[in-house]
Amino acid sequence: MAKQPMLKFVQIERDMPQKRDASVRKEDFNEIYAEYAAAKAEEQASRCSQCGVPYCQSHCPLHNNIPDWLRLTATGRLEEAYEVSQSTNTFPEICGRICPQDRLCEGNCVIEQSGHGTVTIGSVEKYITDTAWENGWVKPAAPLAERSESVGIIGAGPGGLAAADMLRKAGIQVTVYDRYDRAGGLLMYGIPSFKLEKDVVERRNKLLADGGVTFKLNCNVGEDISFEEIRSQHEAVIIATGVYKSRDLAMPGSGSEGIVKAIDFLCASNKKSFGDNVEEFDNGSLNAEGKKVVVIGGGDTAMDCVRTSIRQGATSVKCLYRRDRANMPGSQRETQNAEEEGVVFEWLSAPKGFTDDGGKVAGVMVQKMRLGQPDASGRQAPEVIEGADYVEEADLVIKALGFEPEELPALWDQPELPVTRWGTIKAAFQTGATELDGVYAVGDIVRGASLVVWAIKDGRDCAEAIIEKLNSKAAVAAE
């Protein structure tokens with residue numbers, strides 16, 4: 001009887017890839033987790049219970065066929081595992097690195113719920129695709145036939161690039177317009193390299209270009225080219241701009257020098273890592289070196305800021321969050337990594353203003369909170385504890401409060417572009433179609449600030465809808 005290759009979660013314990021010691025990793029911006037060796041990847045994949053109802057798959061936005069590629073990995077069939085993995089995910093090695101698996105697939109793993117420790121799905125996913133790149137299994141788009149129709153995509157983030165990949169594989173001509181000098185959006189400029197090394201993104205960009213995607217970078221829609229011009233040049237347009245407008249704090253002292261936005265801080269750090277000339281970094285405005293840093297916020301962007309500050313040489317780094325650890329929206333795994341690296345979390349703490357010294361920020365006026373009755377979403381609403389205020393010293397304050405959409409109808413002179421009361425674009429579920437003929441929207445500009453994996457799903461779904469529509473038009477024309 002053949003030996004059972006799976007269901008080994010009882011005999012084999014969960015084992016993550018080796019994590020570099022905090023004292024070493026905080027000195028550089030390299031990724032903190034090592035790669036699985038082949039034997040270890042097979043071993044950890046073999047822990048999967050192959051359950052009849054795969055909750056890991058149903059809780060993945062892309063509904064990746066996780067049990068199948070785990071089984072293929074456990075039996076050494078890695079090229080097949082890669083084929084299964086990439087059939088539903090345009091960027092599996094990126095999701096393996098940055099998805100909050102503890103809240104999605106791994107957090108809903110059946111053996112995790114039974115107390116045996118989840119299958120390390122994200123690490124195996126990363127291993128499979130990195131191995132595929134090393135072995136030359138990852139190929140640029142090679143459509144069976146080229147088509148004359150073209151699609152313009154505004155925004156080179158994960159949603160736009162996922163759509164571009166699907167459209168090119170169908171032979172459709174694709175042009176991507178982006179305001180930055182490199183494609184990738186927040187994958188390139190927002191997420192630090194210790195979570196996602198930039199050569200991982202760059203090789204995907206090159207693959208898309210090799211497959212026939214045209215990139216028009218340093219191209220700001222509304223300034224360098226109008227929305228109408230783009231619309232006139234393509235059969236369809238996908239808006240995939242993301243949300244880049246930072247939420248702000250309107251409170252005493254908020255205009256002091258040294259209070260900065262998270263996106264500006266992270267972009268400056270990433271640009272510096274490319275060797276770019278970044279004046280705000282060099283003059284210290286967006287550089288944490290030698291400073292007492294306070295980050296306000298509790299999401300993944302806040303975690304990126306505190307861990308970047310540590311690596312830049314801050315003398316101290318504290319994170320203020322108005323709720324407790326259990327109610328923090330960011331990844332618990334990232335919070336643990338930050339604590340290991342020396343970040344101090346001040347839970348149940350919220351800013352009420354800032355002190356300054358000669359116009360430069362000197363501290364954050366903090367009010368202590370407690371959790372009261374649940375709000376409309378079911379979360380306990382924070383309440384101020386009277387008389388418990390204090391001042392947290394700070395030379396640099398980073399606001400990581402989330403993002404909102406820019407006012408695209410005004411910026412692009414498109415008053416008829418349909419938007420919600422939050423400023424996001426109104427688009428149909430699954431297809432991304434808007435009320436404007438041939439205009440689609442995907443990712444955060446529709447959902448609001450969300451996860452990379454949701455943007456990938458939206459981009460893929462939208463591309464499928466456009467392909468179906470173009471096919472229908474072609475069939476009618478043929479008749």
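This is a predicted model: local features need pLDDT of at least 70, side-chain atom pairs count only at pLDDT 80 or more; totals for chains, interfaces and linings use all residues.
Quick housekeeping: local features here need pLDDT of at least 70, side-chain atom pairs count only at pLDDT 80 or more, and totals for chains, interfaces and linings use all residues. Numbering starts from 1 along each chain as its sequence is written, and side-chain values use heavy atoms, with hydrogens and water left out.

Helices (H or I, at least four residues) and strands (E, at least two) are DSSP runs, numbered from the N terminus.

Now helix 9, residues 158–169. Is it enclosed or open? Largely enclosed by the rest of the structure, because 11 of its 12 residues are buried, meaning under 20% relative accessible area with a 1.4 Å probe, protein chains only. Among the buried ones are Pro158, Leu161 and Arg168.

On to strand 14, residues 396–399. Leu396 and Ile398 are buried on one side, Val397 and Lys399 on the other. Strand 14 pairs in parallel with strand 6 over 3 bridges; pairing takes at least two DSSP bridges. Strand 7 also runs parallel to strand 14, joined by 4 bridges. Val397 faces Ile259, and Val397 is also the bridge partner of Val294.

Last, back to Tyr55, which lies in helix 3.

Technical notes
Buried means under 20% relative accessible area, exposed over 50%, partly exposed in between (1.4 Å probe, protein chains only).
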